[in-house]
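Please look over the sequence and the structure first.

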Amino acid sequence: MKRRDFFAIFALVGSAAFGSGCKSKATTQSEIAAQNVDRLLKLVAERHVDSMPRALPAAAKKLGPPLEKVPAKFVEMRDKTDDLRASKRSFFAVVDPTGTVTWVDESNWKVEGRVLSVGFPSVQEVLDGKLPWSRGTGRFGGDPEDALIFMDAAPIKDDGGKIAGALVCAWEAIDVATDLQSQILTEMGMESADPNVHNKVKEQRKKQMEQPDVWVAIFRGKVLYMPEDAYQPLLDSAKQLDLLGKTQNGKFVGTFDVVNSGWGVAAARIPSMGDGVGVAVFRHKS
């Protein structure tokens, strides 16, 4: 049985199964969650907030027209540039002067032919020549109203300085949460790895069962974005926390209940990603 499947069943037993230590465990987990949030804020800054303003314009300057030759140039450049290679993103794309996507580097994003200049003001600002680099949020037409994609853009110019298109970098909110959660879980796994090869499988399974459940969310206003396999009762309870209000004056650290089970939570805003945007970590240990 998978660890999270086990937890889902265990949590439904009810409050009678939890002793007086439940609250103290939740408090401990909230303190660790606060450390996780600090780590994630640093990662977001290094791999997206700080790197893209320097990396994207620098790359775009080397990708002059014709646009049909830009993809091959960019792929080679991306693989040799630390900022681009290490950056967290859902996809990189090239758009023409009308804002229409002519190429995307991730095949699972079927966005070629879609127009970005309407749903993403940051792209239009660059195409209009107003800014040498722009960051903003938006969504594709037809997406739910609460869909959220962070979009950076930089102009691609010809030798005469005329704008021929733009290089864009997109990071979808659910992908952000998934990327950051994967990072935290990877670091947890490395910390708990047993260098002893004897009984390694048995010991690792035991340690896996002892690991806390950890989930990461991105929030904007009252909307939460979590990995697609997020535990639904956790999502329902987390939505009631009002993380936007609780982070108004800085980082929030606290506890809350999910199906009568105590969880720790920490959250903080990321102003550079937009108004009312932040990251939260939820932790539970049986």
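## The sheet

T255 has G264 in β9 as its bridge partner. The model is predicted, so local features need pLDDT of at least 70 and side-chain atom pairs count only at pLDDT 80 or more, while totals for chains, interfaces and linings use all residues. Residues are numbered from 1 along each chain as its sequence is written, and side-chain values use heavy atoms, with hydrogens and water left out.

Strands here are DSSP E runs of at least two residues, and helices are H or I runs of at least four, numbered from the N terminus. Two strands pair if DSSP finds at least two bridges between them. Strand β9 (residues 261–269) and β8 pair in the antiparallel sense over seven bridges.

Both belong to an open sheet of five strands with antiparallel pairing, in the order β7-β6-β10-β9-β8. Because β7 (223–225) and β8 (252–258) each have a single partner strand, they stand at the edges, and one side of each is left without a neighbour in the sheet. On average, neighbouring strands of this sheet are turned by 30° against each other, direction ignored; the axes are lines fitted to C-alpha atoms.

## A buried arginine

Is R78 buried or exposed? R78 counts as buried because its relative accessibility is 15%; buried means under 20% relative accessible area, exposed over 50%, and partly exposed in between, with a 1.4 Å probe and protein chains only. R78 lies in helix α4 (residues 70–80). Leaving aside residues up to four places away in sequence, R78 touches L84, R85, R89, F92 and D105, where contact means heavy atoms within 4.5 Å.

## Pocket and cavity

On a 1 Å grid over the protein atoms alone, a cavity is a set of points where a 1.4 Å probe fits but cannot get out, and a pocket is an open set with protein on both sides within 12 Å along at least five of seven lines; lining residues have an atom within 4 Å of a point.

| Space | Volume |
|---|---|
| Largest pocket | about 330 Å³ |
| Largest cavity | about 40 Å³ |

Of the 16 residues that line the largest pocket, E172, I174, Y225, M226 and E228 are the closest to its centre. α8 (173–192) gives the most to this lining of the largest pocket, with three residues.

A search of the whole structure finds one cavity of 30 Å³ or more. The largest cavity is lined by L43, V44, R47, K88, W171, D179, L180 and Q183. α2 (21–49) and α8 each supply at least two residues of that lining of the largest cavity.

Definitions and conventions:
Axes fitted to C-alpha atoms, helices over the stretch in contact; angles between N-to-C directions. Points joined across faces, edges and corners; volume = space filled by probe spheres on them.
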